[in-house]
Amino acid sequence: MLKDNDAISENQLMQVLILTIMGVGVVSLPREVAEIWGASGWMLVILGGLLALVQALIITALAKRFPDRTFPEYSVDIAGKFIGTAVALLIAVYFMLVTVFQARIIGDVIKLFLLFDTPIEVIIVTIMAVVLYLVRNGIEPITRVAVIILPLLVFGAFLLLIPAFSGADFSNLLPLVPDNIPAVFRGITTISFSFLGYESLLLLIPFTAKPKHLNKTVSKAMVIVMLIYLVICIIVFIEFGVAETKSLIWPLFSLMKAVEIPGAFVERLEGIFLSLWVFAVFSTMMMTYFCAYFILGKVIGLKQPRILAVPLFPVIYILAMIPRNVVVVYEYLGYFTKTFGTLVAGIIPVIFLILAVIRKKRDAHG
Amino acid sequence: MSLYKRIRKTKRNSQEKTAKEVDRQNIQEIGMPADSSLDRNLDYFRQQLEDADDVVYREMVIGSRHDLRAVLMYVDGMVDKDLVNHQILKSLMLDIRQAYDSVQTLKEDMYRILVKCSITVGEISETQDLDQAILALLSGETLFLLDGYAVVLKIATRGWPSRGVEEPPTESVIRGPRDGFNETLRVNTTLIRRRIRDPRLKIKSLKIGQRSQTDVVIAYIKDVVDPNVLNEVKNRLKDIKIDGIFESGYIEQLIEDNWLSPFPQVQNTERPDEAAAALLEGRVAIIVDNTPFVLLVPTTLNSLFQSPEDYYERWLIASAIRVLRFIAGAYSLILPALYIAVTSFNPGIIPNRLVLSIAGSREGVPFPAYVEAIIMEVSLELLREAGVRLPGPIGQTIGIVGGLIIGQAAVQAGIVSPIMVIVVAITAIASFAIPSYNVAISFRILRFALILAAAFLGLYGLVLGLLAIIVHLATLKSFGVPYLPSFDKYNIKNFQDFVIRAPLMTMKQRPMFLEGRDKTRAQDERPEEKEAN
């Protein structure tokens, strides 16, 4: 049997990165930006995206210093055995919890919109089983799935969004000059959380074979996500107006419920949109699940981290069942991203990069 | 658990044992040296071929003084009688007398003279191993033994009743060559060789099957083939331990990557043009004696959606047809499942009037939609299977009786709704539009899986089922080559022979998924463009 070489190309890195970022966050994004900055909120997407881009490039800079090793392998070099291991473990737990949130939110949404009588346990277990089937085969099949899903998602989403322009009111985007400038500084980090997923670069870059333009690739992926988010926010704003957007938990689903295609066979788009959204969440979960078990395996020192994929399954499932309802889930999620998200995606890479530069740690051909 | 293990263990042991025994037998069998005494050789043959009454021993004496004993051996029915009678027997018994003098003078080298001067057959070879001689005899060659010489002459006189080159029934095309492979290996290699007159086209033969000793040929083009794939094919063929190969399906199952997968990882074809085109793509063809089905590896999903006709029609038409075929694939996979998901879980997504008409037509049907779908699908599969087993004209009757009468009666009896009949019928038609039978059949199995998924979890179940299929395809490999097209960029080159079939002059590269050396298909521009320059 020929072996997988576990290597991906830069383009595949980009595809996987885009898919990892776009997940459950996108459906609630318009509400979040509207809450912070009102009608000018869509501009906040750009600012938040730029902040996320800077953080992604910091992670890239760190990973580029150790092109052939994953984070848990070089964190020990940078920060010493104890702190390095502890931080790597923290990141593994972080990825696991992200997977938990994804699983729980998809369970809640599907139960609310598609399967009213099905127990949420079944919804969560089934999608996780498919994710597990994929991730235990390593990074290469993940990229091959990404190649199929990405065009489906992008074209499908835009086909669904185009009808939303009918009856749109562009004056909802006014005023163009934001009034509450200080709110931006509080809001910008919150919005950059919507771009979380780029921290998977810690693991993705070591798998990339012969990277040449990593910064460019990563920037491209971030900008593409930013543009998609921007279009979604603008469409939701022009359809609903700011005041209504604020009151919706998932503005994007509401939009899909409201939109009708005149004369088309399909009357309501939410079913189709939800199907596409399952693809999006699936593609986020596949990466976070992979990161979780792989980093954990490396921390423990396993040669084949994939044996951890199955034991993680019940842990994720049980954790996903803890919150009582959607409101609690989003409370937890907000708290979680504020603390863990900032730490893993923002603070840890900066500190480790500074430490690596100061202590002059880098691998030979880095 | 322990019982299960023990059973498996003993099973494995016994398998190993038999394999070893067979090996030992083989070692014992091979290597019986020929003797210079004709009688001793004949005794050995008679002993080995005891009770094999189809073996003919033609004893004769050669020379004017009738002092040189010789024997001609062949299996009746497996040789070209005309060749044996006129080119061998006549030459040896009659024509040789004309060379009387020289024979006399060169008596010591009688054998050489006979071989060089009097056997007027194209292909001859020698062996000193009697067991190899028996193998050759049973493959249809004629043996010639001369008294006093410890060597057996093998004369290629294979000729048996075989089907002619006919149009392949499983892969018919409207435009394209009408010849198809048949059961004779040599005919098949000839059909390929006639299409590719390249000295770098290699046709390596080997024998597989301890008892059947079936001829198997690996064909490839040396500087185009991916060497990794070629080695993998050779290794896997070498590892086959089985007593008999009667169809290439045996080999397919013994060398495929994942035997649990519903998808075929080896393509088969009856069409020499398709095999030749595959060779030019850098793939390896495995041709097995006694079957018209040639195996092509490695296989990717999209090569199973292609028909050779795609390349004979003009590109626009071919592309349209190929898109149609992908739609057919999607239909045959998801249509019943989609119907179930929409009608029983999420009727909201289709227009109200349609919901009403579906509900109206389902009024009085006692089953839920998925039971209805399974009943109809199973009866359709029954009809199809029955149609295959019955002789041609009756098969059509079954189709009409089953399709029209039972369908109509079932609707009138209120067992199924008319829309379900439409859905099932469209699904069946779509599955016939998939050019390769083994993909169509795997889609049929997966269709039932998706019906169940949709019955349990509606649209969500359908999406998860499709995701599971995508994931399965992504993990699947055929001889180290990913089963899904593993391009990493969304550029036109990767799609030129996938969903569409780009104009031939733009397809200057061989498929990217294989790592052969000669990447370029065509370097020249189109003639018109050249003239313009």
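A residue is called buried here if 20 or more other C-beta atoms, placed from the backbone, lie within 10 Å of its own, exposed if 12 or fewer do, and partly exposed in between. By that rule, buried residues make up 52% of the 366 residues in chain A. This is a predicted model, in which local features need pLDDT of at least 70 and side-chain atom pairs count only at pLDDT 80 or more, while totals for chains, interfaces and linings use all residues. Residues are numbered from 1 along each chain as its sequence is written, and chains are lettered from A and ligands numbered from 1 in the order in which they are written.

Chain A contains 15 helices and 0 strands, where helices (H or I, at least four residues) and strands (E, at least two) are DSSP runs numbered from the N terminus. The C-alpha trace of chain A spans about 60 × 45 × 40 Å along its principal axes. Its radius of gyration, taken over C-alpha atoms, is 20 Å, which agrees with the value near 21 Å that a compact globule of 366 residues would have; the globule rule is 2.2 Å times the number of residues to the power 0.38. Two residues are in contact if their C-beta atoms, placed from the backbone, lie within 7 Å, and among contacts in chain A between residues at least 6 apart in sequence, 83% join residues at least 24 apart.

One helix pair in chain A can be followed in detail. The axes of helix α4 (residues 71-79) of chain A and helix α5 (residues 81-113) of chain A come within 7 Å and cross at roughly 145 degrees, with axes being lines fitted to C-alpha atoms over the stretch in contact and angles running from 0 to 180 degrees between N-to-C directions. Among the residues making this contact are Phe71(A) and Pro72(A) of α4(A) and Ile83(A) and Ile91(A) of α5(A). The residues of this contact divide into 9 nonpolar, 3 polar and 1 charged, where Ala, Val, Leu, Ile, Met, Phe, Trp, Tyr, Cys and Pro count as nonpolar, Asp, Glu, Lys and Arg as charged, and the others, Gly among them, as polar.

Between the chains, the contact takes 29 residues from chain B and 31 residues from chain A. On the side of chain B that touches chain A, the largest share, 12 residues, comes from α16(B), and the residues of that side divide into 18 nonpolar, 8 polar and 3 charged.
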